[in-house]
Amino acid sequence: MSTLGRQATVEPATARPAPTAAGSWRSARLRSLIAWELRKLRAQKRTYLGLGLAILPPAVFVIFWNLHQGPHRAQNVFAREITRTGLAMPVLMLLFESFLLLPIIAALVAGDIFAAEDGNGTLKTILTRSAQRGQIFSAKAITALLYTIAAVYLASAVATAAGVASWGFNSVKTLSGTFVSAPRALLLIVAADACYLIPLLALAAIGLMLSVATRNSAAAVLATVAAPIVLLIVGQIPGLEGTHPYLLTEQFQAWQGLMRTPTDWGPVAHSAWVCALYGLPALAIAYLTFLRRDVAGG
Amino acid sequence: MSPDALSMAGAPQRDFDPQLVPVCARGLTKRYSEVLAVDRLDLTVPPGAVFGFLGPNGAGKTTTLRMLLGLIMPSAGSALLFGRDPIREGARALAGVAGFVEAPRFYPYLSGRRNLEMMAALDGNTSARARIDELLELVALSGAAKQRVGGYSHGMGQRLGIAAALLREPRLLILDEPTTGLDPGGIRDMRELILRLSAEGITILLSSHQLSEVQEICREVAIIRRGRIVYTGAIAQLHGGPDRAYRLQTSDNARAAELIGAQGAAQLLESEDGELRISATQAQVGELSLALGSAGIALYLLAPLQATLEDLFFSLTEDDDDARPALSIGGAGADQGRVGL
Ligand SMILES: Nc1ncnc2c1ncn2[C@@H]1O[C@H](COP(=O)(O)OP(=O)(O)OP(=O)(O)O)[C@@H](O)[C@H]1O
Ligand SMILES: [Mg+2]
């Protein structure tokens, strides 16, 4: 603290633009806040842990399959089907990762994104700048949801690339037993991922709520992962079987409707509104809690 | 808040535009289940001042500053910064206001510079690059700018906090015990910086539990004890009214004490080995010296007692039934009108 470089002016740094430009100014601010949230994600290990977890199973699966090509393998029906077209890999990936691995990855960031600020004590730092609490909430929520979307599509892309490289870009046998052409199958995979993202984003919203409420990263992440499992157990209680179609876990399979011919839109539409019932209130609670809560830590 | 409610304690009453008053808190209260952390606190910080906010540990300083910054919701009362309410208006009310409560915190996995860049983005300040360089220079962190904040020492974090606050080019700077954990050089730098910023017209609200810290840089103080303001006004007035305490050493202390008793003007406070303590006005001290001379008592020493604010601070903030005497400060009696214990 030797020399004061410049005279500090008496004007506040946050000059306000004309009211007509307020809307675009606000959205520019939000974009900048999201960019910074993404930069923060990039600087943290857990981000890569999640993405690594997402792409590991398909990558390892393909590598080991290629390393161990014994004659017995080709006789296995399942194996024959898998190795007939690389486009089966992303479907397989979704089947195996949809129940636990991808929810964990979504929870890893959604459960952490607010609680980490509590942990670092930085909430007071960012809330005493010129961004409104609502804007900071939006930036964080959007970032967590973007991360979830990125994780699913990254896992899908890696599975597709590894599969196609190993077994070719061939037509795919749907769950109804009919075949769809390779380009159409690719489209279906993109759509199935989108469909799977509906319940996953709802879970991420629950993660955001728990992150705001618990103020503890580990607790929020664990509770977010545990939430669908608890619901699953609740669904097993005799007399509560009727709740089954409304469980979040049940919606994790709705994408399979797209893998039938003709396309079964029923489960997809059902999943959409059930997930909205989970996700939107969670998001609203998170928002209102964040707007009103005391920031006394740090 | 009516404008006439904004008249300032310790300053002549004028008509104030609320937008010119950096801090105006009325009836500010914060209750944590059982603890009344801040209790109906009134606080006015006039523009351009280095305003000391003094109190012992747990008095409610940080809680008050958190409410001012809109970080926590008051249980009752209101606070206005330049006429704007941070509770109702959120960050919009913090235009021109910067600072931190307790230790400043940053993202440990980002560098110091990255952290400041992010603060600028949060401020909507897109052209802060050059200013960040200047500020890093100012707080002597240029060398560590690329280092992750997680590896910063406590003092470096404190300095980064100052840089982050100044990045907002504030009109009001709120600093909560900013010298905590700084080495003597850092404390001196901080003091110089505060004075320089103040000279530039920035109002500074400086909380501290150390009188010595604010004594040299604040003209006005508010003293808080158990959530209540117990004194507010000029720090000079804390030294007392016309009466002061004096040390007196003579060739015959016993006779001098008798003389003081007979004279009835100056008041004898106590007598220690070889020294008397009296309370008197300047005129009375003059008379006393003449009286002692004509009585043939030689005067060895007659000097005002260097009472520290520490003494007063204790008398204001310790428990009423505390054994520590609230004496030894000049004109303790004269203060009682203003000191609302
Ligand atoms: N989040 C909280 N929950 C419960 N009690 C609190 C909380 N924050 C502060 N308090 C209580 O409020 C009182 C005032 O605390 P505060 O931190 O404002 O004191 P302070 O004057 O800043 O003290 P210090 O000099 O130690 O920083 C204390 O009794 C404290 O226990
Ligand atoms: Mg404190």
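Predicted model: local features only at pLDDT ≥ 70, side-chain atom pairs only at ≥ 80, totals over all residues.

Modeller: Tyr153(A) counts as partly exposed, because its relative accessibility is 28%, while buried would need under 20% and exposed over 50%. The residue belongs to helix H9 of chain A, which covers residues 133–167. Leaving aside residues up to four places away in sequence, Tyr153(A) touches Val190(A), Asp193(A), Ala194(A) and Leu197(A). Take Asp193(A): 40 residues separate it from Tyr153(A) in sequence, yet their C-alpha atoms are 7.0 Å apart.

Elsewhere in chain A, look at helix H5 (residues 88–97) and helix H6 (residues 101–110), whose axes come within 7 Å and cross at roughly 70°. H5(A) and H6(A) are therefore roughly perpendicular to each other. On the H5(A) side, Met93(A), Leu94(A) and Glu97(A) make the contact, and on the H6(A) side Leu101(A), Leu102(A) and Pro103(A) do. By class, that contact has 5 nonpolar residues, 1 charged residue and no polar ones.

Now for chain B. Strand E1 (residues 23–32) of chain B is mostly covered, with 7 of its 10 residues buried. E1(B) runs antiparallel to strand E2 (residues 35–45) of chain B, and 7 bridges join them; here Val23(B) stands opposite Val45(B). The two strands make a hairpin with 2 residues between them, and Ser33(B) in the turn has a positive phi of about 25°. E1(B) also pairs with strand E4 (residues 76–80) of chain B, in the antiparallel sense over 4 bridges, and Thr29(B) has Ala76(B) as its bridge partner there.

Further along chain B you will find an open sheet of 4 strands in the order E11-E12-E10-E13, with antiparallel pairing. E11 (267–272) and E13 (299–304) of chain B each have a single partner strand, so one side of each is left without a neighbour in the sheet. The twist averages 20° from one strand to the next. Within this sheet, E10 (residues 244–250) and E12 (residues 275–280) of chain B pair over 5 bridges, and Arg244(B) stands opposite Ala280(B).

Two helices of chain B lie across these strands. Helix H9 (residues 282–294) of chain B lies across E10, E12 and E13, at about 10° to E10(B).

Note on methods:
Residues numbered from 1 in each chain as written. Chains lettered and ligands numbered in written order. Heavy atoms only, no water. Axes fitted to C-alpha atoms, helices over the stretch in contact; angles between N-to-C directions. Parallel < 35°, antiparallel > 145°, perpendicular 65-115°, else oblique. Contact = heavy atoms within 4.5 Å. Nonpolar A, V, L, I, M, F, W, Y, C, P; charged D, E, K, R; others polar. Buried < 20%, exposed > 50% of the residue type's maximum accessible area, 1.4 Å probe, protein only. Pairing = 2+ DSSP bridges.
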